[in-house]
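Some labels for parts of a structure rest on cut-offs.

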Amino acid sequence: MRRLLARRMKFHLFGAFFVSVGCAALYKFVIADPRKRAYAEFYKNYDPMKDFEAMRAAGVFESAPPK
């Protein structure tokens, strides 16, 4: 029973470290990278003035009435 806590703590500490690194890598490759690519693809062809004019024509803005 001597040093039982120290041995189990070492095991759980290493296990928690590897699980957290695995979760971080999984998040990066499954969620973050595809999201970055989707944003880059969207903004590659995005025209903010065209979008503004469409919202303006729809009456979204109070300060810029539709023409």
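Buried means under 20% relative accessible area, exposed means over 50%, and partly exposed lies in between, using a 1.4 Å probe and protein chains only. The model is predicted, with local features needing pLDDT of at least 70 and side-chain atom pairs pLDDT 80 or more, while totals for chains, interfaces and linings use all residues. Residues are numbered from 1 along each chain as its sequence is written, and side-chain values use heavy atoms, without hydrogens and water.

Q: What makes Asp33 and Lys28 a salt bridge?
A: A salt bridge needs a side-chain nitrogen of Lys or Arg within 4 Å of a carboxyl oxygen of Asp or Glu. The closest N and O atoms of Asp33 and Lys28 are 3.3 Å apart, so the pair qualifies.

Q: Why is Asp33 called buried?
A: Asp33 has a relative accessible area of 16%, which is under 20% and therefore counts as buried.

Q: Why is Lys44 called exposed?
A: The relative accessible area of Lys44 is 58%, and exposed means over 50%, so Lys44 is exposed.

Q: How do you know that Glu53 and Arg56 meet in a salt bridge?
A: Their N to O distance is 3.8 Å, which is within 4 Å, so the pair counts.

Q: Why is Arg56 called buried?
A: Arg56 has a relative accessible area of 19%, so this residue falls under the 20% limit.
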